[in-house]
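Subject: Structure for your review

Dear colleague,

Please find the structure below, together with its sequence. My findings follow, and I would be grateful if you would read them alongside the model.

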Amino acid sequence: MKLRFTKMHGAGNDFIVIDAIHQDVSFSTEQWCRLADRRFGIGADQILVVERPTTEGCDFRYRIFNSDGSEVEQCGNGARAFARFVSDKGLSTERSIRVETMKGIIAPRLEEDGSVTVDMGAPRLEPGALPFDSAGLDGLLEGTDTTWPLQVGGKTVFVSVVSMGNPHAVQVVSDVESAPVEQTGPEIEAHPRFPKRVNAGYMQVVDRHHICLRVYERGAGETLACGTGACAAVVAGIRRGLLDSPVRVSAQGGELSIAWAGDGTPVYLSGPAVTVFEGEIEIGNT
Ligand SMILES: N[C@@H](CCC[C@H](N)C(=O)O)C(=O)O
């Protein structure tokens with residue numbers, strides 16, 4: 001069987017995007033892994049699948065698979081690529097669409113300058129939403145946020161826990177370049193206090209409207225940018241009293257912009273969505 005795909009990226013976070021409206025797409029975990037493999041497949045951080053909606057009032061259903069084959073709840077950079085893809089392929093003629101995900105509805109909008117802004121919905125901040133097991137831990141109140149002590153690499157680090165549909169643990173570092181992302185990222189991702197694993201964010205505050213961010217992503221390792229990670233970091237930074245909206249987020253692969261008006265309100269993520277190439281792959285060979 002031949003599968004048509006489009007390779008895209010959003011600030012260097014790269015995707016295989018598949019139209020599952022006009023093709024039959026039902027793969028095993030091993031097959032998703034193989035497609036995402038950078039040596040044996042096409043290569044990507046995530047695979048994004050475009051389906052018909054199952055919820056009234058939505059235009060599409062959006063499914064997301066990490067490069068380790070796990071299906072996940074949300075992907076912010078992917079949401080921008082998704083919106084660009086359905087427009088470029090003529091699957092939608094609207095500039096704004098409503099998209100059903102595993103954890104709620106998001107609303108991407110194509111901007112005049114070619115960027116895409118996504119209403120990612122309101123963050124959830126209670127530990128159970130990630131889930132994060134805070135039993136027996138003494139949280140530290142910082143601004144209106146509670147940070148939690150985690151034992152990592154023989155040290156205690158304090159993290160904010162934020163759900164953007166998917167789980168994030170965000171720590172503040174003094175210098176993002178020298179932050180121990182490769183060393184402690186895998187340990188935080190698999191920390192027993194996060195039963196569904198977690199995305200580990202390392203945020204350097206440059207000023208009240210600018211951060212530098214690296215994210216060790218659950219199921220994908222460190223990526224060049226993480227959209228939901230950027231949302232989570234800015235939410236944590238605003239709640240800790242370190243940042244004011246809007247915030248420019250410098251990731252290794254590009255720039256994102258986040259706006260958030262505070263608790264109970266949606267987070268808006270803006271940034272690029274770029275098509276790299278299109279192709280066809282013989283699934284039997286993957
Ligand atoms: N790159 C993404 C997040 C993808 C999912 C994440 N790795 C998870 O497992 O939750 C983004 O741009 O948000």
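How many residues surround the ligand, and which are the closest? In this predicted model, the ligand is surrounded by 19 residues, of which N77, N166, R218, G227 and T228 are the closest. The largest contribution is that of α2, with 3 residues. Sorted by class, the shell comprises 12 polar, 4 nonpolar and 3 charged residues. Both domain 1 (2-121 + 272-285) and domain 2 (127-265) supply at least three residues to the shell.

Helix α2 has 13 residues and spans 19 Å from its first C-alpha to its last, close to the 18 Å expected at 1.5 Å a residue. Of its 13 residues, 11 are buried, so α2 is largely enclosed by the rest of the structure. N77, one of the closest residues to the ligand, is among the buried residues of α2, as are R80, F82, R84 and F85. Just after α2, G90 adopts a positive phi of about 70°.

Helix α4 likewise has 13 residues; its first and last C-alpha atoms are 18 Å apart, close to the 18 Å expected at 1.5 Å a residue. Because 13 of the 13 residues of α4 are buried, this helix is largely enclosed by the rest of the structure. Just after α4, G241 takes a positive phi of about 85°.

I turn next to the strands. Strand β1 (residues 2-10) runs antiparallel to β2, and 5 bridges join the two. H9 lies opposite D14 in β2. The hairpin of β1 and β2 has 2 residues between the strands, and A11 takes a positive phi near 55° there.

On what grounds can strand β2 be called largely enclosed by the rest of the structure? The reason is that 6 of the 7 residues of β2 (residues 13-19) are buried. Strand β2 also pairs with strand β3 (residues 46-51), here in the parallel sense and over 5 bridges. Within this pairing, I16 has I47 in β3 as its bridge partner. Together with helix α1 (residues 29-36), β2 and β3 form a right-handed β-α-β unit.

With kind regards

Technical notes:
Residues numbered from 1 in each chain as written. Predicted model: local features only at pLDDT ≥ 70, side-chain atom pairs only at ≥ 80, totals over all residues. Buried ≥ 20, exposed ≤ 12 C-beta atoms within 10 Å, placed from the backbone. Helix = DSSP H or I, 4+ residues; strand = E, 2+ residues; numbered from the N terminus. Pairing = 2+ DSSP bridges. Right-handed = clockwise from strand over helix to strand, strands pointing away. Near = placed C-beta within 6 Å. Nonpolar A, V, L, I, M, F, W, Y, C, P; charged D, E, K, R; others polar. Domains from an automatic or database assignment. Expected span 1.5 Å × (residues − 1).
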